[in-house]
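I opened my notebook to see how the parts of this chain sit against each other. Here is what I looked up, entry by entry.

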Amino acid sequence: MTVKPDFSKHANQAATAPAFLSVWDMHSYYGESYIVQGISFNVHEGEIVALLGRNGAGKTTTLRSIARLDNPQVNHGEIWLDHQPLHNMKSYEAAVAGLGLVPEDRRIIPGLTVEENLKLAQIQPPIGWSIQRLYELFPRLGERRNQEGVTLSGGEQQMLSIARALARDIKLLLLDEPYEGLAPVIVDEIEKTLRLIKEQGMTTILVEQNAVRALQLADRAIILDTGTIAFDGSAAEVLENESLRAEYLAI
Ligand SMILES: Nc1ncnc2c1ncn2[C@@H]1O[C@H](COP(=O)(O)OP(=O)(O)OP(=O)(O)O)[C@@H](O)[C@H]1O
Ligand SMILES: [Mg+2]
């Protein structure tokens, strides 16, 4: 059932325009460890938001919390995606509701080809992006469609991992360090593809250690500092603000 959210408590938001993703006062724990300490933010449809912060700031934990994975436990707060409440859902329900998490370790399924990895992700009948459309977006995957997924290069595996998320009918793409360990030329290629995905209307949260690259792509930036939000504003503002970069991003 879809319930219309009550956004009256979102102080920083016009009551007439609920955001596409709305996270309100979210608190997350790993056992006794209190990690995400009451964060609230909005993401608008079609936006790319860079989620930044030093190592251990809570970026991955925030993505996992939104994706409703078992660990961490979110014990307070609300998460709304396109008018659907995610905060009481299991991870598979959140996935059906339109959430696509691309985890840091990529999780390519061994023993399956590129195409089998994509087909397995597709809901039947396919309502996400077609395999053909995915190969247009990632020509390298099309060329290697019959190769076992785990034998792809790191960059190609990252592309497969993103393509696999798109093969489902997702509304929100959550990327955890997609550029990690990749050569600059491959980062260029993935960045170009992320721009094309945005042009097709996708909403994305991008977690990246490579903050400058992420800020060049993003519309907006949210900076986390020990589980709280230290900054929420335009990406250009972070690029221009030296003291902000030095204090929270060490760049
Ligand atoms: N499974 C876990 N159990 C206990 N503590 C955890 C677990 N995973 C992460 N943490 C802790 O939660 C805090 C936030 O971790 P998180 O992975 O969200 O940070 P991050 O911002 O993604 O960092 P990085 O940039 O290094 O990826 C860290 O102190 C980390 O040690
Ligand atoms: Mg992380």
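This is a predicted model: local features need pLDDT of at least 70, side-chain atom pairs count only at pLDDT 80 or more; totals for chains, interfaces and linings use all residues.

Entry: I found the chain divided into domain 1, made of 1-98 plus 172-251, and domain 2, covering 113-170. I then looked up the spacing, and the C-alpha centres of domain 1 and domain 2 lie 24 Å apart.

Entry: the contact. How many residues of domain 1 are in contact with domain 2? I got 17 from domain 1, facing 15 residues of domain 2. Next I wanted a size for this interface. That is often given as the accessible area lost when the parts come together. Here I noted about 1300 Å² buried between domain 1 and domain 2, with carbon and sulfur atoms giving 71% of that area.

Entry: polar links. I looked for salt bridges across the interface of domain 1 and domain 2, and the rule finds one. Glutamate 189 pairs with arginine 140 in a salt bridge, and their closest N and O atoms are 2.7 Å apart. I also checked polar contacts across the interface, and the rule finds three residue pairs.

Entry: the domain 1 side. Which elements give two or more residues to the side that touches domain 2? I wrote down strand 7 (172-176) and helix 7 (184-199). Helix 7 gives the largest share of that side, seven residues. Sorting the side of domain 1 that touches domain 2 by class, I listed twelve nonpolar, three polar and two charged residues.

Note on methods: Residues are numbered from 1 along each chain as its sequence is written. Chains are lettered from A and ligands numbered from 1 in the order in which they are written. Side-chain values use heavy atoms; hydrogens and water are left out. Domain bounds come from an automatic or database domain assignment. Contact means heavy atoms within 4.5 Å. Buried area is the accessible area (1.4 Å probe) that two parts lose on being put together, summed over both. A salt bridge is a side-chain nitrogen of Lys or Arg within 4 Å of a carboxyl oxygen of Asp or Glu. A polar contact is a pair of N or O atoms within 3.5 Å; within protein, one must be able to donate a hydrogen and the other to accept it, and residues adjacent in sequence count only if both atoms are side-chain atoms. Helices (H or I, at least four residues) and strands (E, at least two) are DSSP runs, numbered from the N terminus. Ala, Val, Leu, Ile, Met, Phe, Trp, Tyr, Cys and Pro count as nonpolar, Asp, Glu, Lys and Arg as charged, and the others, Gly among them, as polar.
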